[in-house]
Amino acid sequence: MADVTLKGVTKIFGDKRAVDSLDLSIADGEFVVLLGPTGAGKTTTLRLIAGLEKPDAGSISIAGRDMAGLSPAGRDVAFVFQQYSLYPHLTVYENLAFPLRSPARRMDGATVDARVRQVARMVRIDHKLENRATRLSGGEMQRVAIGRALVRRPAIYLMDEPLSSLDAKLRGELRLELKRIQKELGSTLLYVTHDQIEAMTMADRIGILAEGRLAQIGTPKEIYTNPANLHVAARLGQPHINLLPPELLPGAPVPAGTRTIGARTEHLEIARSGAGNAEVDWIEHLGDQNHLHIRVGGHKLITLADADLPVSPGERISLTLKNPLYFGQDGRRLAG
Amino acid sequence: MTTSHETFTDKAAQAVVRATPEPLAARVRGLSDRAIAWLFIAPTITLLLAINIFPLFWAIYLSFTNYRANRPNAVVQNVGLGNYSRVLNDPDIWASMQTTAHFVFWTIVLQTVIGFALAYLIDRKFRGHAFWTTLILIPMMLSPAVVGNFWRFLYEPQIGLFAYAVSFLSGIPTSEIRMLGDVRLAPWAIIIVDTWMWTPYVMLICLAGLRSIPDYIYEAAEVDRASNWRQFWSITIPMALPFIMLAVLFRGIENFKMFDMVNLLTGGGPGSTTEVASIALKREAFEAWATGRSSAFAIVLFVAVFGLANIYVKILNRVKQR
């Protein structure tokens, strides 16, 4: 395990700057998640660290060693691809043993066997070791792919949306397992996703990527409660943060220069009131909670509400702000 | 809201009813749809029966008789398995089978190795690879008759380019390089032409196989520190194998009945060194006019090719399922 540092890393495809002078340092044993929409440069960042792409500018070092010019094999990284990148004609066992059978490693048979069986138990695929890779379900294939990375003890694990092709239930299970395994092994892990729940639940730190640049990096709590700008605020929170003009709702003194107010559920107070400033437009029932669609002036808001909140569509309510987030002209956050 | 919705579906339904043609049977009096379907496939079935199925059964019948096509008025007698026992005990026929096996083996080995190597190079996607692909495919597009005559010129010891080039490179005098006249060289002359013409075809199938392997499998292997050699043997070959086997099957069946090239280049000579089964069969049928015996020979060949191809396809399916 080792720390990883990126300095001013830039990668250009055609006329698009996929990664734009990116600085990032990952501490030894840290679980960092890169979060961002499609095309933000997340995957390219991983591929650059792995050596599958060459940077146009900047430097990457792993454990203090400059990686310039080194092939993927020379970098001591493990990669989990978004697709099920198994060797289809090999069994689960052979797939897991594949990285250990590299002549560069000179590992004896008994050690390989012990390691494969240990990892197979870890990713819960030990009952299917003799199955061919093509005879597995999607979840099993991805567990083998993760296992194939885990059999090694590389400087860093790089994972590219490994759970995105799985169904919701399995995704939840594997999310927990992955975090547990990472803690057990104390491994350094850089994980890429566009799923904010994965980022919030697994990361020690989250890096928000936008257009190839690092918009903000910090603990999940920091990123959520203290976003540096509008873009970062919009990445987290379910339902999506409401972006409103400054004078729309009462309840807080608006700092000078405010252009937009960001209001999540916890920033909104709802009271039933016939003479209120807002009207309930629609209610989505989620079971234990409801999505409330609210209309204020010409604006629409979505917020979470308790299932037993006694309102119905068409009813008027009064809506007030409670310590919301303020953003200036350029989208930067202003102190409230 | 609901009423307008219903009106809409009603209108849509009416439009569908108007647009759907009435069943054909209602228009073509006295014919059911099924009968019309049969009518449509009847020409094909008739042709298939007349050109493939009937001759097959007719040949099976003839193979048990002493029928001779040049004596249509002679009395045809049933000879039982006589023709078969003569065919299977005829050393010349066995020799022709051996010659065929020799051709099939070497053409497949050369075409598969060279074809796969070319496909592997083309798959590197270097500059101008599309141009080279087209260039390589040209021999395959030529007519066998043209190719045969063309190579006869090339093989000509006195004026041929082939003899000249070999002589230039090896120092052997051109008069020694009688590709079509020399007993040792003639079989290879045919193998070379067939390889020249059909390697592009094998390359095309192999290329399809190589292109079907996703890049990320190679990237995963690269990160896993697999050498190029190991990637080749544990990813490229196993994943392209079903395609390679398919190419071998096509070329194998095709070359089992190789006739045109041999007939044009050597006609089976010198002596009988290039007399493959199809040439021997032609001699039996249209030079010796032993129609019954040659039918038996044809059936033996048919059973052999059919049986081998079936076994091969079974293996191919097993490889594909892995």
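The expected span of a helix is 1.5 Å times one less than its number of residues. Helices here are DSSP runs of H or I with at least four residues, strands are runs of E with at least two, and both are numbered from the N terminus.

Some ground rules. This is a predicted model: local features need pLDDT of at least 70, side-chain atom pairs count only at pLDDT 80 or more, and totals for chains, interfaces and linings use all residues. Residues are numbered from 1 along each chain as its sequence is written, with chains lettered from A and ligands numbered from 1 in the order in which they are written.

Start with α7 of chain B, residues 144–155. Its 12 residues reach 16 Å from first C-alpha to last, close to the 16 Å expected. Which residues of α7(B) are buried? B:Val147, B:Gly148, B:Trp151 and B:Tyr155. Buried means 20 or more other C-beta atoms within 10 Å of the residue's own, exposed means 12 or fewer, and C-beta atoms are placed from the backbone.

Now the chain contact. 18 residues of chain A touch 15 of chain B, where contact means C-beta atoms, placed from the backbone, within 7 Å. Strand β6 of chain A, residues 77–80, gives the largest share of chain A's side: three residues.

Methods
Contact = placed C-beta atoms within 7 Å.
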